[in-house]
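Hi,

Here is the structure I promised to pass on. Have a look at it first, and then read on for what came out of it.

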Amino acid sequence: MDSTYILLQQYWWFIISLLGALLVFLLFVQGGQSLLFTVGKTELQQKMMLNSTGRKWEFTFTTLVTFGGAFFASFPLFYSTSFGGAYWVWMALLFCFVIQAVSYEYQSKKGNLLGKKTYQIFLIINGVLAPILLGTAVGTFFNGAEFSVNKENLMEIGMPVISSWDNPWHGLEAVLVIWNVCLGLAVFFLARIQALLYFINNINDEEVDKRSRKQLIPETALFLVFFLAFLIHTLVQDGFAVNPETKEVFMQPYKYFMNLIEMPAVLVVLLVGVVSVLFGIIKTILPGNWKKGIWFSGVGTVLTVLALFLCVGWNNTAYYPSVTNLQSSLTIENSCSSLFTLKTMSYVSILVPFVLWYIYHAWKALDIRKIDKKEMEEEGQHTY
Amino acid sequence: MVENIDTSLIDWSRAQFALTAMYHWLFVPLTLGLGVIQAIMESIYYKTGDPFWKDTAKFWMKIFGINFAIGIATGLIMEFQFGTNWSNYSWFVGDIFGAPLAIEGILAFFMEATFIAIMFFGWNKVSKRFHLTATWLTIIGATLSALWILIANAWMQFPAGMQFNPDTVRNEMNDFWAVALSPVAINKFFHTVVSSWIVGSAFVVGISAWFLLKKRESRFALGSIKIAATFGLIATLLTAWTGDGSAYQVAQKQPMKLAAMEGLYEGGNGVGLVAVGILNPAKQAYNDGVNPFLFNIQLPKMLSLFAERDLNGYVPGIINLIDGGYTKNDGTVAISAEEKIKRGQIAIKALADYKRAKKDKDEVAAQQYRTTLEANFEYFGYGYVRDKADLIPPLGLTFYSFRVMVLLGGFFILLFALAVFMERKKKMEKAVWLQWVLLCSIPLAYIASQAGWIVAEVGRQPWAIQDILPVSASVSKLSVGSVQATFFLFLILFTVLLVAEIGIMIKAIKKGPEFEKQSN
């Protein structure tokens with residue numbers, strides 16, 4: 001195979017991994033929603049919280065859409081197999097995001113039909129279910145799903161569908177695999193930790209600050225339980241390896257552990273990421289008034305998730321394995337777009353740093369003035 | 001046992017996509033139109049420093065925000081439905097179709113998401129210039145996102161810049177610019193965006209007329225009408241121009257859609273355009289000899305002029321397209337639908353034989369089958385079509401939607417011209433009848449916009465990708481019950497949210513703009 005093509009496949013898996021990592025970081029918006037009534041005890045505090053993380057909801061949404069679009073463009077076989085197969089998981093996730101999209105804008109508006117409380121409940125549903133579902137779905141990258149792919153079905157005029165799900169649950173069965181759920185819960189508690197750190201950084205209110213710091217401890221404990229359980233299990237389990245010569249998929253003991261050993265750069269990224277997350281949390285919990293935890297935790301989250309995605313896709317690994325039909329498993333090689341498309345898309349991806357640059361500046365311009373009671377009470381200002 | 005796709009699965013999947021698309025399109029045109037209008041208003045504020053225009057822009061931005069949120073929600077579902085409900089499609093053309101979607105995300109959505117936050121929350125946090133830039137970049141981002149998704153849609157109507165690869169069993173892009181700059185894509189983009197400006201203008205003019213009827217905030221109402229009516233008039237004229245281009249492209253690339261739009265069964269030279277008409281419900285089959293119209297008034301030779309740029313140009317009808325035998329513009333003789341189906345089946349069989357020969361490592365045979373496949377690939381999608389009559393799109397819906405769209409388009413040219421005239425002559429405030437007409441015209445703009453999409457999408461059935469893949473071969477393998485369940489869940493959810501949106505808008509409009517003391 002053309003070495004440029006191989007390079008572009010790896011490059012696009014890196015882009016997908018980066019988008020996935022940014023998405024997990026941006027789930028702090030969901031984390032904030034799920035904490036609405038835990039940290040916010042008065043209506044004003046809740047309003048500050050909604051206006052703190054809430055003003056970033058469009059970034060999470062956009063990253064999700066771009067993650068989907070980039071997956072479609074670079075690995076269309078995943079798009080058709082997973083979305084068309086694990087129908088109910090993805091649909092549940094989409095419903096969660098639909099109710100979120102309107103809730104920020106509608107909850108405080110008069111004439112909103114369902115009442116403020118309903119929209120806030122929508123936000124909590126999204127805040128709880130979206131990270132759990134997303135984490136559980138990504139868990140199947142490590143633990144497999146039940147599907148078959150046969151491209152020759154396209155020649156069957158009556159039933160030309162190439163990807164089919166091998167059980168009637170269409171993705172719901174993923175929640176029966178404890179390790180998928182572990183990842184889902186780890187993502188959920190991580191999102192809540194990020195939100196607490198963001199509140200501490202972004203809201204000028206003593207009580208919210210105090211309560212956020214206190215809440216960090218149980219959230220961190222629960223995050224560590226689920227994350228370490230998932231990580232340790234992943235490193236010791238048999239993984240879905242690909243024979244680089246025959247392209248045959250087979251089970252290899254300690255595959256993901258070996259991937260980290262064989263790709264030391266990825267291992268370093270993972271370790272730096274985990275340490276950075278823990279540093280951001282612990283220094284915030286310790287006495288003092290340190291508010292920069294979100295920076296360390298945020299960067300650490302991106303690095304950790306990036307490393308996990310790279311670990312499951314690079315180094316001759318099947319990133320979306322089928323447990324019912326091993327040879328149907330998806331690898332970055334058998335599921336990617338053509339050389340021409342990957343090359344064209346790569347030119348577009350050169351603009352990504354520019355996009356990140358203007359996002360950074362716009363975000364900074366908005367966050368330069370912290371959220372406070374005064375802003376919430378100002379007349380004529382657009383607030384949630 | 002030979003398995004077959006359940007036709008009700010196809011219909012429910014279509015219904016779900018249509019439902020999502022139609023709901024989505026209730027919100028997008030207002031975003032695109034209102035976005036430009038509010039940006040013009042803020043630009044006037046920036047130039048004159050008059051706070052009246054700032055407050056006016058802020059009022060329309062409030063409405064924009066209410067509408068924007070639900071537009072995003074429905075748009076998300078649309079993107080993922082390509083995978084969830086049209087998985088075969090996603091594989092077969094994902095190599096081409098996915099690229100515009102990804103570019104849309106990277107280049108347009110982030111621009112929109114970033115600057116809309118500044119637009120809403122940045123009034124007291126950033127400079128006047130930065131804020132104005134953010135407002136314009138929000139609407140430019142929204143328009144760019146329309147560009148990329150419309151390029152993707154246009155590609156489905158006119159697949160270009162690609163080649164079928166039998167080894168990967170999918171179509172692969174080989175010319176990005178042929179996809180991005182195809183005449184269908186360019187025309188579709190301009191026609192869709194400028195027609196969306198009509199919706200935004202009709203909305204602003206209509207709501208402003210309500211304020212005049214209520215004798216409230218007259219400076220605000222007249223100022224808004226002045227901008228929106230002028231903008232609307234320009235938009236309607238551009239829509240008519242791009243609509244003509246669109247019809248020409250349909251005639252050249254999708255003649256069956258044109259025939260359905262016109263209810264044209266027997267084609268010919270110098271064909272007339274049906275101005276108004278009622279289809280004959282007694283007509284059951286394309287070849288039953290029954291007159292397709294109960295009544296119609298035609299503009300002589302006009303269809304030939306629009307379709308071929310020649311008063312005596314030849315326009316094929318449904319019968320001609322099914323039976324073939326007429327001479328096409330390139331000088332070749334059109335083959336019949338039966339022949340196309342046969343050649344499509346040959347292409348599919350050649351692909352199967354090619355794969356088998358490859359597996360058996362018989363390169364000579366593989367090359368022969370590949371040659372056969374390539375010779376017949378133009379008709380690949382026809383191989384999945386069971387009956388030639390299935391190639392005719394739903395006629396009534398296409399025919400009437402087209403007329404509704406065109407007639408309402410003409411109506412809005414007159415309406416905006418009148419509004420501009422009355423406003424300039426300072427007679428708007430007293431023309432109560434016109435204020436009522438403007439208010440009642442808001443839903444008509446939405447109907448016209450929806451009708452346009454019905455023509456575009458229903459008129460191209462049964463194709464997901466013109467001539468390459470019918471919807472029956474595009475669908476995901478799901479139980480009908482699953483798709484029915486999500487259809488009704490979406491229906492309930494979207495309807496509730498739409499009612500909520502309208503309720504919030506009405507409250508916000510009734511409250512009216514909030515002016516600083518010196519501005520009104």
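A nonpolar core here is a set of buried Ala, Val, Leu, Ile, Met, Phe, Trp, Tyr and Cys residues joined through C-beta atoms within 7 Å; buried means that 20 or more other C-beta atoms, placed from the backbone, lie within 10 Å of a residue's own. The model is predicted, so to speak of local features pLDDT must be at least 70, and side-chain atom pairs need 80 or more, while totals for chains, interfaces and linings use all residues. Residues are numbered from 1 along each chain as written, and chains are lettered from A in the order written.

The largest nonpolar core has 311 residues, and L94(A), F97(A) and L76(B) are among those with the most contacts inside it. Helix 3 of chain B (residues 87-121) gives the most to this core, with 24 residues; helices are DSSP runs of H or I, at least four residues, and strands are runs of E, at least two. Beyond its neighbours within four places in sequence, L76(B) is in contact with F61(A), V65(A), L94(A), F97(A) and V98(A) (contact: C-beta atoms, placed from the backbone, within 7 Å).

Chain B has 16 helices and eight strands. Buried residues make up 55% of its 520 residues. The C-alpha trace of chain B spans about 85 × 50 × 40 Å along its principal axes. Of the contacts in chain B with a separation of 6 or more, 78% are between residues 24 or more positions apart.

Best wishes

Notes:
A residue is buried if 20 or more other C-beta atoms lie within 10 Å of its own, exposed if 12 or fewer, and partly exposed in between; C-beta atoms are placed from the backbone. Two residues are in contact if their C-beta atoms, placed from the backbone, lie within 7 Å.
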